[in-house]
Amino acid sequence: MGPIEEKIDLESDDDEIPFSSSPLSNKVHAFDFEPKMYPGADVAYSRIFKQIRMGPLRSIYIVLIKAKINLLLPFGPLAIMLHYLTGKHGWVFFFTLLGIIPLAERLGYVTEQLAFYTGPTVGGLLNATFGNATEMIISIYALKNGMIRVVQQSLLGSILSNMLLVLGCAFFIGGAIHRHKVQNFNKAAVVVNSGLLLMAVMGILFPAVLHFTRTEVHFGKSELSLSRFSSCVMLIAYASYLFFQLKSQPNLYNPIDEENSNNDEEDSDEDEAPEITYWEAIGWLAILTIWVSILSGYLVDAIQGASDSWNMPVAFISVILLPIVGNAAEHGSAIMFAMKDKLDITIGVAIGSSTQISMFVIPFCVVVGWFMGKPMDLNFQLFETATLFITVLVVAFMLQEGKSNYFKGLMLILSYLIVAASFFVHVDLSNDDD
């Protein structure tokens, strides 16, 4: 027993650790364990420290100061001052447009931050919803003032802008950056959205055809009744679409590269970490939406005065200029995601926004006008209805392949230029209805 005890003592002396002699410390030393070296530890620690550094002041800096486009924010208060001091509608309209642009872009940024917590499908839906908040607010304000044609043309312009200009720019810039590879997106989701857009065209087409063929049972009344009935049906269809998309078959809308993205998740955690927290994003969405709604009121009031001072048709202002500003959020977000090769979110933002306007915002405005006693209907006149029908067909054919490139984007942009030129020379004979 003596030699064995001496051997044990010798071994314990060899394994002795200067600052600790506990058995656990010896085990750690013997197996060379380093507690901070488990996989993903650095990423976890960096996320914790980022969460600690996130605060109200940092959130204000990121949302309102950091981006260069925020230099346009003072134009909003300036437009309100000009409205009360000078009454020059042309300048008020112009400065209000400039003031809304950074707000719409910041809405897109905050919604992108929220998408980190909700996933791509819900993130795209949120982006489309808050991106369309500007159009909905402008529409309700104009509807209250009896400007029915401004409501119809601005909502039509939003659909055309999203489907041709926003999607076209996203495809063009994304395709130019990733020109050595093919950009793919989920074709099944696009088919569903295209079907909803065609259903919306059907709902808008029939009241116009009924009016211009003069085949109504009660002239002027059947068209309005049909519009209200069709609007209720379209709202039911959109609610069913949301249930189908989010609850019934959410896997249909998963990005096609979801399997491959899991392998690179750890590598991209640092680059893709959110800059603001979940509740900060929700708070900023509310604040920005309220400020946009305030500026939208001054924008609507200045439309007619801007048309007179600039010698520009109200139809062109309503269909082209208003939607370009209102869609700044979708425009920036769609291009940003296309540059990152996330075309499924790009499609969800651009086409999803068009689907939401056509199947929710337009029918919603008809129902709101019904309660207000305003004769808001789905008769968008033949020229506007034909433009929408051709646009939906062109975009549906562009998307049916499930692939994109810069040439498709260029064709969509050029198509939008044709539409813009057409409305510049278009005389709206139904302006007397406002």
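**Exercise 1: A charged pair**

In this predicted model, the side chains of Glu401 and Lys408 form a salt bridge, with 3.1 Å from N to O. Work out whether each partner is buried or exposed, or in between.

Solution. Start with Glu401: its relative accessibility is 46%, so this residue counts as partly exposed. Now take Lys408: with a relative accessible area of 9%, it falls under the 20% cut-off and is therefore buried.

**Exercise 2: A pair across the sequence**

Find which parts of the chain are tied together by the salt bridge between Glu384 and Arg149.

Solution. First, look at the contact: the two side chains meet at 2.8 Å, N to O. Finally, check accessibility: Glu384 is buried at 1%, and Arg149 is buried at 3%.

**Exercise 3: Two helices crossing**

Describe how helix H6 (residues 89–118) and helix H15 (residues 303–310) are arranged.

Solution. Begin with the axes, which come within 7 Å and cross at roughly 115°. H6 and H15 are therefore roughly perpendicular to each other, and H6 passes H15 in a left-handed crossing. Then list the residues that meet: His89, Gly90, Phe93 and Phe94 from H6, with Ile303, Gly305, Ala306, Ser309 and Trp310 from H15. Sorted by class, this contact has five nonpolar, four polar and no charged residues.

Methods:
Residues numbered from 1 in each chain as written. Predicted model: local features only at pLDDT ≥ 70, side-chain atom pairs only at ≥ 80, totals over all residues. Heavy atoms only, no water. Axes fitted to C-alpha atoms, helices over the stretch in contact; angles between N-to-C directions. Helix = DSSP H or I, 4+ residues; strand = E, 2+ residues; numbered from the N terminus. Parallel < 35°, antiparallel > 145°, perpendicular 65-115°, else oblique. Left-handed = near helix turned anticlockwise from the far one by under 90°. Contact = heavy atoms within 4.5 Å. Nonpolar A, V, L, I, M, F, W, Y, C, P; charged D, E, K, R; others polar. Salt bridge = Lys/Arg side-chain N within 4 Å of Asp/Glu carboxyl O. Buried < 20%, exposed > 50% of the residue type's maximum accessible area, 1.4 Å probe, protein only.
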